[in-house]
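Reader: Can you walk me through this one? I'd like to start with the pockets.
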Amino acid sequence: MQQWVLYALQFVYGVCALGLATYSVHSIWLVWNSRRCQPPPSPPEPAVWPRVTIQLPIYNERHVIERLIDACAALDYPADLVQIQVLDDSSDDTVSLVNRRCAYWQSLGRCVEVVRRPNRSGYKAGALAYALPLASGDFIAIFDADFQPAPDFLRRVIPYFLAPDGQSVGFVQARWGHVNRNYSVITRSQALALDGHFAIEQDARYASGYLIGFNGSGGVWRRICIEDLDVGGWQQDTLCEDLDLSYRAQLAGWRPVYLNDVIAPAEIPPQVTAYKRQQFRWAKGSVQTLRKLSGKVWDSQRPLIQRLSALLHLGNYLIHPMLLTLLLIIPPILLLGAAPLSPVPLIGLTSLGPPLLYAAGQIRLDRRTWWRQWAYLPLLTLLGMGVCLSNTWAVWQGLHSNGGEFQRTPKFRVERAGDGWRHSGYRLPIDRMMVGELLLMVYAIFAAVLIGQREGWFSAPFMLLYAASFAAVAGAGLWQGRPRMRELQRRQPEFLSKRQLHK
């Protein structure tokens, strides 16, 4: 029996190691393909500009909503051809801020409308679906609450739909920029990952003619593409309604366009717990989309390499349960008297792809100072490995359920180093997942000692990297989520009165 258990553990170890190596090789492949990335030729401005509806789905965004409405109202596009819909599901003072700002722009003759629903059913997907019949535009631009589109955004994007070969273009996605990249080391490291995704992954997929994802914001849809019966419109059974819709549109024959040189700046979460929540939602939604569409992707008439790349794209967050499984499985294998494959070659293969992708992304964006941003790779590595417990739970939920609660990522309007967010009511408290992360930190230290004694200390750093990652994420979350002194002072009289009452 013990031998069979050992065989099973070694088999699982091999599967996880092979899976991680596959994703690393895929990253290298994306970097290689990015050599052919050239911006699509800019089409000429149309003789007649079409009508555009800008949809702003929001929920409790008191810090950034006025900035967003102002940025959209200031777009350099014929004012009589723009309809701005604020899809407001808010339950706090954001409601009054929206009303006041929309009234201001309405007084100046702008078409700015507030759309409110009876309930928040379907969250963002539900809001977008509810508002679409009320839209007057032939094209639908979407911006999340923390975005700041440049004045020329629509003038640079809309012509791609109207070009001679643009009739089949279903959506155009712009690259995300960062309004607060330099705010902290945490935002710098996240910016490094986002730049790699857009400048290399999105661009390489688009240049190769492969399926790409709409990123939910900073892009424009052709309305009839969304309403196409073969596409199916906005649906609520995944938490990544954007990825889901974009894949269904491409499988129905619509083409995407990705523009690396058109930038839509947005805010990066400064709080580690907010970053974890964002990653959780993306992980769960991506896996739900994988479960929903993998069969359709595989049965499509696309070349085999495109179908395989699409499945790897949709299953990208499977990396996290594989990382966690490797950590958990190595000590039992050692305690059963066997030795797993040396993690040293594994480290070499699985750790090559992502750093190369991030470096290539920075070089593509700025050849002169790329190394300054790439220097934050160690912290990004700690963040990426440190959220593997949270993301594994997200993957598990995504494999076993549809939809779910859309937990928003709080935005604080932090743009410079002096901007504060700790006193905001949107700041997230310490989450319970940190208990598990601290336990995993202790387990990783135990695994490092065990593997060092059994296999030599040269292999121990792999386990110590796990320990450092869980320590960094849990420690930062505890520090940033600690109660503020004002909260303690406010609670102290209540605490004293309760003690007196018990006496």
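Reader: What volume does the second largest pocket have?
Author: About 520 Å³. This is a predicted model, where local features need pLDDT of at least 70, side-chain atom pairs count only at pLDDT 80 or more, and totals for chains, interfaces and linings use all residues. Residues are numbered from 1 along each chain as its sequence is written, and side-chain values use heavy atoms, with hydrogens and water left out.

Reader: And what counts as a pocket?
Author: On a 1 Å grid over the protein atoms alone, an open set of points where a 1.4 Å probe fits, with protein on both sides within 12 Å along at least five of seven lines. Lining residues have an atom within 4 Å of a point. The volume is the space filled by probe spheres set on the points, which are joined across faces, edges and corners.

Reader: How many residues line the second largest pocket?
Author: 19. Arg277, Phe280, Gln407, Asp431 and Met433 lie nearest its centre.

Reader: Which helix gives the most to that lining?
Author: α10, with six residues. α10 spans 272-299. α17 (388-400) also supplies at least two. Helices here are DSSP runs (H or I, at least four residues), numbered from the N terminus.

Reader: New topic. At what angle do α1 and α7 pack?
Author: About 70°, with their axes 8 Å apart. Axes are lines fitted to C-alpha atoms over the stretch in contact, and angles run from 0 to 180 degrees between N-to-C directions. So α1 is roughly perpendicular to α7 (65 to 115 degrees).

Reader: Which residues of α1 make the contact?
Author: His26, Leu30, Val31 and Asn33. From α7 come Ile200, Glu201, Ala204 and Arg205. Contact means heavy atoms within 4.5 Å.

Methods:
Parallel < 35°, antiparallel > 145°, perpendicular 65-115°, else oblique.
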